[in-house]
Amino acid sequence: MMFSSLTHLECTACHERFDADQLLGVCPACGKVLYARYDLDAAAATLTRDSLRGRRPDMWRYHEVLPVRDPSNVLSLGEGMTPLLDALRLARRYGLRALLLKDEGKNPTGTFKARGLCAAVSRARELGVRAISMPTAGNAGAALAAYAARGGIDAYTVMPQDTPAINQAECAIYGAHAYSINGLINDAGRALRDLAPQRGWFDMSTLREPYRVEGKKTMGYEIAEALDWDLPDVIVYPAGGGTGLVGIWKAFEEMEALGWIGKRRPRMVAVQAAGCAPIVRAYLEGKSHAEPFENAHTVASGLRVPVAIGDYLMLQAVRDSGGTALSVTDDEMLAAMREMASAEGVFAAPEAAATLASLPKLIDLGTVTPKDSVLLLLTGAGMKYTDLVPVSLPTVDSAALP
Ligand SMILES: Cc1ncc(COP(=O)(O)O)c(C=O)c1O
Ligand SMILES: [Zn+2]
């Protein structure tokens with residue numbers, strides 16, 4: 001049985017094709033994003049909806065449509081198959097037919113970044129890479145470092161100086177060569193872009209290599225499988241580099257080719273922080289590319305991405321799906337963190353809570369209506385952000401509990 005049906009790489013902009021077994025970053029012809037392509041007819045011989053029932057409970061259950069050719073090269077920490085929770089109380093509060101929470105905080109390293117980096121590090125190692133590097137807003141660096149440790153290869157991460165302490169600690173404890181920079185993720189990226197080729201490090205920046213998006217797309221497969229192939233009406237995604245959003249969109253295309261779903265698609269919503277909203281601005285201005293966002297700032301460090309190479313892919317998915325792009329303030333995110341935790345028992349990261357914060361606005365805009373089922377992609381665990389929840393518990397003696 002063939003483990004992966006990977007056939008070639010295809011440029012998302014100029015559509016040139018390339019050999020998938022050579023190590024490539026962006027399109028050698030035009031510098032845009034490369035996508036992995038599969039022989040989906042061949043995949044369908046073994047990968048059927050029924051076949052999934054007996055498969056391993058992680059994202060590698062979809063291995064025919066993932067890029068690793070030899071199963072012994074899969075570096076797994078148990079990523080994927082995260083819970084899809086029915087948020088009855090919040091659904092009632094917002095007057096929706098259904099509100100679903102996909103809790104990606106349950107992944108290794110506490111965020112959905114594990115999926116992308118699991119796929120990309122596994123594949124890079126399969127192609128002979130021994131050292132990888134990445135600029136990171138924090139959580140991706142942690143996942144990179146974890147999978148590099150698992151694979152016994154060297155990892156180099158560069159993150160902004162004010163990245164949450166937990167992300168710095170994660171990179172360090174997994175044994176990465178971790179550095180900080182006085183700047184943002186795009187400055188870190190620029191610093192590494194010149195250095196990495198000189199040092200022989202393979203650049204794992206999001207959408208600057210073809211396989212992180214392959215890991216992220218498994219969220220789309222899981223959503224469909226969990227809902228018995230009946231997709232929600234709306235999916236709300238907190239967008240930085242946008243890899244998850246475009247990955248889910250790619251999964252829908254593949255699942256339609258596999259005959260698993262029809263033409264109907266969820267409306268895809270990209271939520272950004274008001275202090276860093278390049279995609280929202282481009283969406284509102286009708287542009288297909290986004291300008292760099294000046295003075296980017298937000299407590300949701302994962303959303304502090306002023307420039308994204310996949311901007312055109314995000315904007316396409318949002319527009320083609322009839323969705324929208326909108327922003328929420330930091331205060332709205334922090335309030336939504338508390339609301340989600342107290343109403344549903346889910347302590348989500350501020351990036352994740354941005355999706356809930358956007359709901360009232362989406363209802364006002366008419367993008368979400370009461371008859372819709374809405375899925376919020378909760379990309380990370382709130383437990384990584386305890387500094388955003390300052391508390392001072394009242395001290396009592398045992399006889400004096402109120
Ligand atoms: C928790 C969390 N959510 C969302 C994002 C944004 O993800 P993407 O850059 O793939 O759009 C990040 C990125 O760092 C993140 O850490
Ligand atoms: Zn190209």
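Analyst: First, the ground rules. This is a predicted model: local features need pLDDT of at least 70, side-chain atom pairs count only at pLDDT 80 or more, and totals for chains, interfaces and linings use all residues. Residues are numbered from 1 along each chain as its sequence is written, while chains are lettered from A and ligands numbered from 1 in the order in which they are written.

Helices (H or I, at least four residues) and strands (E, at least two) are DSSP runs, numbered from the N terminus. A residue is buried if 20 or more other C-beta atoms lie within 10 Å of its own, exposed if 12 or fewer, and partly exposed in between, with C-beta atoms placed from the backbone.

Now S13. Ser373, Leu375 and Leu377 point one way. Val374, Leu376 and Leu378 point the other way. All are buried.

Who pairs with S13? Two strands pair if DSSP finds at least two bridges between them. Strand S5 (residues 98-103) runs parallel to S13 and is joined to it by 6 bridges. In that pairing, Leu101 has Leu376 of S13 as its bridge partner. Strand S10 (residues 234-238) also runs parallel to S13, with 3 bridges. Here Ile235 is partnered with Leu375 of S13.

Strand S11 (residues 267-273) runs parallel to S12 through 5 bridges. Val269 stands opposite Thr324 in S12.

Helix H7 (residues 212-226) is mostly covered too, with 13 of its 15 residues buried. Its length checks out. At 1.5 Å a residue its 15 residues should span 21 Å, and its end C-alpha atoms are 22 Å apart, which agrees. The expected span is 1.5 Å times one less than the number of residues. Just after H7, Asp228 takes a positive phi of about 55°.

One has 4 strands in the order S8-S7-S6-S9, with parallel pairing. S8 (177-181) and S9 (202-203) stand at its edges, each with a single partner strand, so one side of each is left without a neighbour in the sheet. Strand S6 (residues 131-135) joins S9 by 2 bridges, and Ser133 has Asp203 as its bridge partner there.

The other open sheet has 3 strands in the order S2-S1-S3, with antiparallel pairing. S2 (17-19) and S3 (34-38) are its edge strands, each with a single partner strand, so one side of each has no neighbour in the sheet. Neighbouring strands are turned by 35° against each other on average, direction ignored. Axes are lines fitted to C-alpha atoms, for helices over the stretch in contact, and angles run from 0 to 180 degrees between N-to-C directions. Strand S1 (residues 6-11) is joined to S3 by 5 bridges, and Leu9 stands opposite Ala36. His15 is found in the loop between S1 and S2. His15 is exposed, with 10 other C-beta atoms within 10 Å.

Finally, the whole chain. There are 12 helices and 13 strands, and 55% of the 402 residues count as buried. A compact globule with 402 residues would have a radius of gyration near 21 Å; the chain has 20 Å, which agrees. That radius is taken over C-alpha atoms, and the globule rule is 2.2 Å times the number of residues to the power 0.38.
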